[in-house]
Amino acid sequence: MTELPSLAEVVSDHKVSRGVALRAFSVLRQEGLAEPAPGERWRVVRPGAPVDRRPLDQRIADVITADGLEVGEAFPSALVLAKRFGVSRPTVTKALEKLETAGVLAGGGQGKVRTVRAVPTRKERS
């Protein structure tokens with residue numbers, strides 16, 4: 001498991017209060033076993049395993065170079081990206097909106113294909 005269950009799932013599955021669940025997550029963090037990921041669920045920390053702690057929009061921007069996409073080409077859908085990064089579609093949609101605002105992607109919206117508008121430079125990706 002790389003992601004922990006949500007707080008609501010812990011409360012429901014283990015029949016504990018929200019406070020107890022929060023304390024459990026806090027202990028996992030203090031022990032260095034898990035950490036919160038911005039815009040995502042808590043994730044397990046594996047010693048020695050590299051963890052990309054950059055915001056999701058920056059990691060999604062790297063898809064352009066990783067997949068060899070050129071300006072004008074179709075960008076993967078929110079659903080595909082959600083599966084690829086292990087996050088929810090609404091979380092991916094927010095990150096994609098940031099990339100559209102930054103001028104990296106064009107188009108988008110329900111039923112529309114997003115396209116690559118600009119290939120991010122190294123400075124934009126870091």
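On a 1 Å grid over the protein atoms alone, a pocket is an open set of points where a 1.4 Å probe fits, with protein on both sides within 12 Å along at least five of seven lines, and its lining residues have an atom within 4 Å of a point. What I am showing is a predicted model, in which local features need pLDDT of at least 70, side-chain atom pairs count only at pLDDT 80 or more, and totals for linings use all residues. Residues are numbered from 1 along each chain as its sequence is written.

With that in place, about 260 Å³ of space lies in the second largest pocket, where a volume is the space filled by probe spheres set on the grid points, joined across faces, edges and corners. Of the 14 residues lining this second largest pocket, A78, G109, Q110, G111 and R114 lie nearest its centre, and helix 5 gives the most to the lining, with 3 residues.

Helix 5 (residues 89–101) also packs against helix 3, at an angle of about 75° and with the axes 9 Å apart. That makes the two helices roughly perpendicular, a term covering 65 to 115 degrees. In this contact, meaning heavy atoms within 4.5 Å, L56, D57, I60 and A61 of helix 3 meet T91, V92, A95, L96, K98 and L99 of helix 5.

After helix 3 comes G68, whose phi is positive, near 65°.

Note on methods. Heavy atoms only, no water. Helix = DSSP H or I, 4+ residues; strand = E, 2+ residues; numbered from the N terminus. Axes fitted to C-alpha atoms, helices over the stretch in contact; angles between N-to-C directions. Parallel < 35°, antiparallel > 145°, perpendicular 65-115°, else oblique.
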